[in-house]
Each structure stands twice: as structure tokens, then as C-alpha cells.
Amino acid sequence: MKKIIFAIFLCSTLLLASSKDNTIEQKIDSLLTLMTLDEKIGQLTQYSGNYETGPSAGTVKNEFQKLVKEGKVGSFLNVHGATNTHEMQKIAVEQSRLKIPLLFGYDVIHGYRTTFPIPLAEASSWDPQAVEKSARISAIEAAAAGVHWTFAPMVDIARDPRWGRIAEGSGEDPYLGSAMAAARVKGFQGNSYGEKGTILSCAKHFAAYGGAEGGRDYNTVDMSERTLREIYLLPYKAAVDAGAATIMSSFNEIAGVPSTGSKFLLTDVLRKEWHFDGFVVSDWTSIPEMHTHGVAANDAESAMLALNAGTDMDMEGGVYRKHLPQLLKEGKVSEQTLNEAVRRILRVKLRLGLFADPYRNASPEAEKKDIYNAAHIAATRDVARKSIVLLKNEKDILPLKKEIKTLAVVGPLANNTEEPLGPWHQQGRPSDVVTVLDGITKTVSSDTKILFAKGCDIVGNDTKGFDEAVSIAKKSDVVIVVVGEAAEMSGEAASRSSLTLPGKQEKFVEAIQATGTPVVVVLMNGRPLAVTWIAEHVSAIVEAWFLGVQSGNAIADVLFGEYTPSGKLPVTFPRTVGQVPYYYNYKNTGRPMDEKQKYNSKYIDISNTPLFPFGYGLSYTTFEYSSPRLSASKITKKESLKVVVDVKNIGRRAGEEVVQLYIRDEYGSVTRPVKELKGFQKIALVPGEKKSVEFTLTPELLSMYDINMKWGVEAGTFKVYVGTNSVDVQEASFEVSEL
Ligand code: BGC
């Protein structure tokens with residue numbers, strides 16, 4: 001009976017959805033018959049309304065308002081705030097001929113005003129629910145301010161930490177990256193379009209923007225279709241499957257074809273294979289940049305290539321507006337292609353419910369209530385502590401006692417209110433930031449003496465402040481040294497050729513370490529850093545990334561044991577920049593690394609292991625793993641396999657552990673990575689508690705692109721690894737047979 005009721009429910013939901021879809025498509029049909037060419041192209045046109053940068057910089061507000069009245073613009077980015085969006089929207093829905101509402105986009109990357117940890121930090125939580133919540137809160141705040149659409153999540157895989165935009169993504173792994181992509185899409189968009197407190201998401205930058213040669217932003221990408229599909233495309237696919245409303249094309253070329261003009265990516269893969277029916281927005285001027293790339297002789301050709309490939313909306317390029325009328329006349333772009341692009345954009349606007357409610361509950365009152373409120377601040381503190389990774393803790397120096405007598409807090413980031421916001425902090429304010437010094441001061445006992453000295457700047461050669469910091473370090477029981485990068489050293493156009501601490505900071509840590517007082521280094525940074533000397537010398541290292549407005553509280557929670565760290569690295573930390581690109585899921589080669597022999601794949605001047613491997617992170621307690629148990633030693637290609645492992649907390653504190661499962665397909669028609677993450681679960685255990693963690697390896701998870709680029713499972717032997725990071729694992733193996 002239950003099954004029948006469920007079937008009836010499912011059928012009626014599907015019918016309702018399809019009748020809603022039909023209504024939307026009919027509404028679009030009728031709009032298309034009414035629209036002039038200018039109005040159609042208007043829907044494809046997006047300008048930046050902050051009047052500051054880009055080709056439309058200097059455009060005054062009333063020029064934009066005139067365009068809106070004439071139906072010549074469909075969307076703005078960088079217009080936000082209930083009053084500003086309301087003003088523009090009112091013109092669109094009251095004064096333009098067809099009253100088509102505008103769509104307001106904004107880069108809500110890790111918070112609107114309540115700034116959450118940067119995405120790379122949040123990925124370190126390995127906690128998709130926490131990440132979903134962070135996106136949900138960001139959506140609530142942005143929606144109150146009249147924003148309809150965020151240009152997030154960024155789901156680009158990054159294997160090269162020189163690339164500054166590694167900070168905006170979820171690291172190097174497609175499986176973890178896919179989980180984070182789906183969580184963020186769900187968080188921004190909620191369960192259904194138009195739900196209160198939601199905004200549209202935009203998975204970006206399609207595709208493989210993170211594969212830039214040399215880690216230099218915007219640079220050339222060249223890779224095999226196999227690597228593209230198996231590593232780079234998976235998180236975009238996960239975002240599409242989770243319902244991402246829009247996709248942003250990327251700046252880069254892949255094998256000679258700029259993504260914004262790639263029919264293969266935008267039509268064949270995205271629409272035909274993945275059945276994506278939202279719209280594609282270009283990246284900022286990436287359409288006219290196809291001329292600079294050298295595939296279009298002029299802007300008109302760029303516009304033609306982009307629209308024909310499947311780029312629906314022109315972000316700030318201005319070339320659709322300028323050139324599409326002539327291109328249509330010449331037959332270089334068909335009316336049908338234009339209509340299809342307009343349809344996709346209108347579809348998303350209709351799905352969001354903009355025609356019925358163009359202001360979507362945004363108001364100054366909603367802003368007051370929903371933005372930066374106590375619940376949101378508490379939530380960001382919670383996500384921030386989960387995002388911290390404990391990298392070293394010699395002799396259990398951490399957690400510190402709150403009753404510690406004298407504590408030195410030093411370093412350029414110890415009392416800094418700007419940098420913890422990280423890149424893309426949007427409406428986040430330095431005045432909202434709790435610094436490490438603030439957080440510690442609030443946490444320690446009233447008898448504890450705290451001594452502070454900045455010591456040096458993040459950049460530059462000035463060492464004049466060293467002496468003061470050294471002298472207070474000498475007087476203290478423990479020194480907390482907070483060092484790292486400035487926020488603007490990661491994010492867009494912020495590639496670095498070095499991965500060491502900038503300026504004199506490493507020398508500073510050396511000077512503090514030389515005092516003999518135990519040292520805890522807290523790192524704030526937007527990328528993995530090659531902090532080899534520090535890793536070898538200081539007692540403890542806490543990787544705090546950029547944690548947003550609650551940085552200091554979250555860090556103090558970890559330093560003093562209010563929270564037991566549970567984060568794990570979503571990227572490999574190399575020992576030196578010379579090792580990059582360096583990632584855990586590499587290929588074995590015919591001569592795998594062996595430091596005792598000469599003629600194999602390694603560097604002769606450094607240990608070839610990473611400084612900290614993918615998946616790595618310590619706790620204040622200890623977890624004991626049993627060997628993995630498999631449900632069978634042999635399965636067929638169509639069967640799934642269960643893997644069970646017992647994990648016990650054998651330490652003295654409650655804690656959370658991220659149990660990780662990797663596989664290796666030993667021999668294939670093409671070579672396979674030495675390890676591939678295929679499952680993880682975050683579990684909480686009190687001392688003495690044991691839990692069995694079960695994973696299911698489905699045929700989909702065991703599949704690969706074979707020698708003929710066919711997706712499927714190949715028969716043969718597989719290894720399974722389960723453990724606390726990608727290196728410390730226990731293994732088992734099983735066979736997959738044809739039948
Ligand atoms: C970035 C995008 C961003 C867009 C709009 C571009 O420069 O690459 O990630 O969404 O600007 O701000």
C-alpha cells in the first residue's frame with residue numbers, strides 16, 4: 001500500500017512539475033513572438049552596474065536606466081542592496097515595454113556580509129552538510145539584499161597551488177570536489193526554485209580553468225580528453241546533477257579552443273550529454289577576449305563563435321548587443337540560435353518566479369533582520385572551526401590550558417582585521433573580524449598575561465620589529481605565531497611563483513623558535529604553502545586558511561580545546577614549489593619513485609614525498625582502524641561491493657574523524673591513478689567508542705574511460721584502501737569478473 005501511495009505521490013509530483021514546465025515554455029513562446037530583436041539581444045546582455053571597472057566603467061546610472069527602460073539589458077552584476085536593486089527592477093517591470101524583470105548577479109563566494117571561510121577552507125571540513133549550511137546562509141543574506149544569483153560555486157579542480165584561485169575551490173580531488181559542488185548548489189538554491197531565502201547558483205568556470213599551465217591565471221590549458229573528463233569535469237557534472245541553474249564559461253582555452261567558444265563543452269557535453277537546460281553566462285569579457293586568444297579576427301566573430309557554441313549571456317563584453325543584429329542579417333547566427341539563448345535565460349527567470357515577484361522579499365527591513373545576525377555569526381564560527389586542519393602537534397602541546405601563565409601572541413596576522421576575510425569577501429567588513437588576539441584574549445583565564453607584538457609585515461624586508469617579539473617570546477610559556485599571506489595574494493589574478501611565506505616571515509618564525517619557548521604556528525593562507533622549515537622545527541602547526549569574520553574565535557576554540565580539530569587537507573602540501581603540480585592521484589609511471597635507486601621518476605635534490613599529503617589532518621584524540629572487510633572477494637562488473645571498517649576512539653577526548661576510502665584499479669586498458677578517493681564519512685566518537693563505517697563501491701564508482709573512451713568497469717584486480725589520510729591506510733583487494 002505504502003508503495004502505491006508513494007507511486008501516486010511521485011506521479012502527481014512529476015505531472016505537476018511537467019505542467020509547470022509547460023506553462024513556463026508556453027509563456028516563453030508567447031514572449032518570443034512579442035519581442036523585438038533589440039529586446040531579445042537585451043536579455044542576452046549583462047552589465048556591471050558598479051560603474052567602476054570593465055568596459056562599462058564610467059557609464060552613469062541613468063544611462064543604464066535608459067537601457068533597462070528600452071529592454072536592452074537582461075541582467076546586472078554588482079548591483080546589490082535592496083534599495084539599489086529595487087530601483088532598477090521597478091524601471092524594468094513598470095517602464096519597459098514587455099516588463100521582463102532583471103536578474104541581479106553577484107559574487108557571493110563565501111558569504112554576503114557574514115563572511116565564512118574561503119571555499120578551500122570549507123572543503124577541509126569534509127563536511128558537506130556544514131558547507132551546504134554556509135551557502136544557505138549566504139543565500140539568505142544575499143536574497144535579502146535583492147541578489148538573485150551568485151557566481152558560485154567555483155568547482156575548478158586545482159592541482160597547482162601557484163594558481164591563486166585554488167582558494168575559491170575545493171582542492172585537487174574530483175570526488176571531494178563533487179560532494180562540495182553539490183552541497184553548495186543545494187545550499188544556495190534550496191530544494192526548489194524560488195524558495196524564500198534562496199538564490200540561483202552558477203557553477204564555474206567551465207571548464208578546466210584550474211589546469212592553467214604553470215599555475216598562471218588565465219593561462220593555456222592543454223590536456224587529454226580522458227583527464228578532462230575523469231578529473232576536471234566531474235565536479236561541474238555534480239553541480240548540474242544537483243540542479244545548478246547556470247554555468248559560467250571559463251577564460252581559458254583547452255587544446256586551442258577557448259571555452260567560451262567551445263561547442264564541444266557548451267553544447268555536446270553540457271546540454272546533450274548532461275541534459276543541462278539552464279543558461280550559460282560568459283566570464284567577464286571572455287567573449288571579446290576570443291579575439292585576443294586568436295580565434296576571432298574581431299569582436300563580431302567572437303560574438304558569432306560564442307553564441308553558436310552555446311554561450312547565452314554576454315557578461316560585460318558588450319559584443320552581443322553591438323554585433324548580433326548584423327550577424328543575424330548576414331546569416332552567421334540564426335534566429336533559432338538567438339531564440340534558444342533567450343529561451344534559456346527567460347526559463348531561469350520564470351523558474352525563479354521573478355515575473356510573479358520581481359523583488360523577491362528583498363527590502364531594507366529584510367536586510368536588517370537577515371544580514372549578519374547572531375545566528376549567522378554563530379554558524380560561521382562553527383563552520384570555521386570545522387575548517388581548521390591540525391598539521392603538527394608534537395608532544396601534545398595543544399590544546400593549551402586556559403590557565404596558562406604568560407602567552408605571547410605575535411606575527412603580522414595575529415591582530416589583523418583585513419586579511420582573515422580572504423579574497424572575494426564582498427560585503428564582509430574588517431570591523432566584523434575577530435582577530436586571533438581577540439579570540440585568545442576572550443578565551444584564557446583572567447590571570448593569564450597576554451603579550452602581543454606584530455614582529456614584521458606580511459611582505460617587505462623590515463625586521464625592526466623582531467626584537468620586541470623575541471623579547472616577549474622569551475618571557476612567555478608558549479608563543480603563538482600567526483603568519484601567512486595577505487588576502488589578495490590568492491583569488492583572481494593572484495598567482496605566485498613561490499610557495500614560501502612572503503616577506504621576512506620565515507626568518508621571523510626562525511627568530512622566535514630560537515628563543516626556546518615552545519612555538520605554535522597558526523597559518524592564514526589561500527593556498528598550500530611549502531613551509532618545510534617550520535614543519536621540521538616548530539612544535540605545532542594549525543592551518544587556519546582564511547576563516548572569515550569569526551577567525552579568532554574559531555582558532556581560539558581549537559587552540560584551547562573547546563573544539564577538537566577534525567579538518568583534513570583537500571590538497572597536497574608540497575615541500576617546495578619545484579614539486580608542483582603535485583597531487584595524490586598521480587600515475588605510477590614505468591619507473592615509480594624509489595629514493596634508493598637512480599633511474600626512476602623523482603627529484604635528486606629533495607625528498608619526493610609531500611610535506612603533508614592529501615586527506616591529512618590530526619586530532620587531539622587517536623583513532624584506531626581495523627582492517628577493511630569486503631562483502632566479497634569477487635564481484636561481476638554489474639555488482640556493488642561493500643567495504644566495512646571499524647574505527648575506535650582510543651584517546652581521551654571526544655573527536656570527529658573523516659574515514660577515507662580509496663581504490664586502485666591495478667591493470668586497465670589504460671593506466672589508472674595509484675589511488676582514487678571513492679568515499680568518505682565524518683563520524684563523531686567519544687573516548688572508547690567504536691563505530692563500523694560502511695561504504696558501497698558501485699559500478700559507477702569503479703568505472704573509467706577505457707582505451708576507446710568508453711565509460712564502464714573493466715574486469716581485473718582492484719585494491720581498496722581505508723584510512724585517516726591518503727597515505728596512512730590499510731588495504732584489501734578484490735576481483736571484478738566479466739560475468
Ligand atoms: C571572474 C569570475 C567572476 C566574474 C564576475 C571574473 O573576473 O573570473 O569568477 O564571477 O569576474 O565578477
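**Reading helix packing and a ligand site**

Reader: Which residues of helix 8 meet helix 10?

Author: Glu225, Leu228 and Arg229 in helix 8 meet Phe264, Val269 and Glu273 in helix 10, where contact means heavy atoms within 4.5 Å and helices are DSSP runs (H or I, at least four residues) numbered from the N terminus. The residues of this contact divide into 3 nonpolar, no polar and 3 charged; Ala, Val, Leu, Ile, Met, Phe, Trp, Tyr, Cys and Pro count as nonpolar, Asp, Glu, Lys and Arg as charged, and the others, Gly among them, as polar. This is a predicted model, in which local features need pLDDT of at least 70 and side-chain atom pairs count only at pLDDT 80 or more, while totals for chains, interfaces and linings use all residues. Residues are numbered from 1 along each chain as its sequence is written, and side-chain values use heavy atoms, with hydrogens and water left out.

Reader: At what angle do helix 8 and helix 10 pack?

Author: Two packed helices are described by the angle between their axes and the distance between the axes. Helix 8 (residues 225-232) and helix 10 (residues 263-273) pack at about 50°, with axes 15 Å apart; axes are lines fitted to C-alpha atoms over the stretch in contact, and angles run from 0 to 180 degrees between N-to-C directions.

Reader: Which residues are closest to the ligand?

Author: The ligand is surrounded by 13 residues, the closest being Asp107, Arg165, Lys204, His205 and Asp283, and a residue is near if one of its heavy atoms lies within 4 Å. An oxygen atom of the ligand is 2.5 Å from an N or O atom in the side chain of Asp107, and for the side chain of Lys204 the distance is 2.8 Å.

Methods. Helices (H or I, at least four residues) and strands (E, at least two) are DSSP runs, numbered from the N terminus. A polar contact is a pair of N or O atoms within 3.5 Å; within protein, one must be able to donate a hydrogen and the other to accept it, and residues adjacent in sequence count only if both atoms are side-chain atoms.
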